[in-house]
Amino acid sequence: MKKILLLMAMFACMNVMAQGNPIQCDSVIQAQGKNVAELYPMIKAWAAITYNSANAVIQMDDPQNGILICKGAFKYTAPGGMTYRYIDGWVTYTLKIQVRDERYKVTVGDFIHETSDLQYKKTWSFGLITDREKFKEKGLQDKRWTKTWPDLKIKSKMEFMAIIMSLSDATSGKSKILDTNDDW
């Protein structure tokens, strides 16, 4: 009985290990001379401007603890032209911003791909994007999977970098939209 339980536990561990870790990107951005009371409204204004509907995107708004959590998405176009049309869709993600005096931490994770073609949603939606080398660990690999899986990981990281650049500009005063100068 002990051997059977041990074997079952080993198979369960191997299955969890084969799934890979979800891609998560984080960065700490310095904002010299700005406290939480100044940074938090700037970041919230950035979220309202960056996303079409801030009310639909913001999941948690806690100014006392300096935490803002948003659900965002970016349009994904698969490489390969017309034969990859079924893979085109959206990648959703979770954005968490933690604000402290003179710095804030940006974490983006839970990247999930979903095709926009409802007829092929089960077949061509990749789901949670992980650090696995291949989309499927075993079995036959469709050429579209082997080409698209690395591209999804790269584009997710590029979206993170775009968020960091945009947020950094907004909080450093380089953004003309978030101008805090009141004498207009």
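A residue counts here as buried when its relative accessible area is under 20%. By that criterion, in this predicted model, helix α2 buries Leu39, Tyr40, Met42, Ile43, Trp46 and Ala47. Viewed down the axis of α2, these buried residues fall within an arc of 165°, so they line one face of the helix.

Helix α2 covers residues 36-50, 15 residues in all. From its first C-alpha to its last it reaches 20 Å, which is close to the 21 Å expected at 1.5 Å a residue. As for what lies over the buried residues of α2, the cover includes α3 (54-57), β2 (58-62) and α5 (143-172), together with strands β3, β4 and β5.

Strand β3 (residues 67-76) runs antiparallel to strand β4 (residues 89-100), and 10 bridges join the two. Within this pairing, alanine 73 stands opposite threonine 92 of β4. Strand β4 also pairs with strand β5 (residues 103-115), again in the antiparallel sense, over 11 bridges. A handy point of reference in this second pairing is threonine 94, whose bridge partner in β5 is glycine 109.

The backbone holds two further details for anyone checking torsions. Most residues other than glycine have a negative phi. Glutamate 102, although not a glycine, has a positive phi of about 65°. Glutamate 102 sits in the loop between β4 and β5, and the hairpin formed by these strands has 2 residues between them. With a relative accessible area of 35%, glutamate 102 is partly exposed.

Aspartate 110 is the other case to inspect: this residue too is not a glycine, and its phi is positive at about 55°. Aspartate 110 is found in strand β5, whereas glutamate 102 belongs to the loop between β4 and β5. The relative accessibility of aspartate 110 is 39%, and the residue counts as partly exposed.

Notes: Residues are numbered from 1 along each chain as its sequence is written. This is a predicted model: local features need pLDDT of at least 70, side-chain atom pairs count only at pLDDT 80 or more; totals for chains, interfaces and linings use all residues. Side-chain values use heavy atoms; hydrogens and water are left out. Two strands pair if DSSP finds at least two bridges between them. Helices (H or I, at least four residues) and strands (E, at least two) are DSSP runs, numbered from the N terminus. The expected span of a helix is 1.5 Å times one less than its number of residues. Buried means under 20% relative accessible area, exposed over 50%, partly exposed in between (1.4 Å probe, protein chains only). The arc is that of the directions from the helix axis to the C-beta atoms. Contact means heavy atoms within 4.5 Å.
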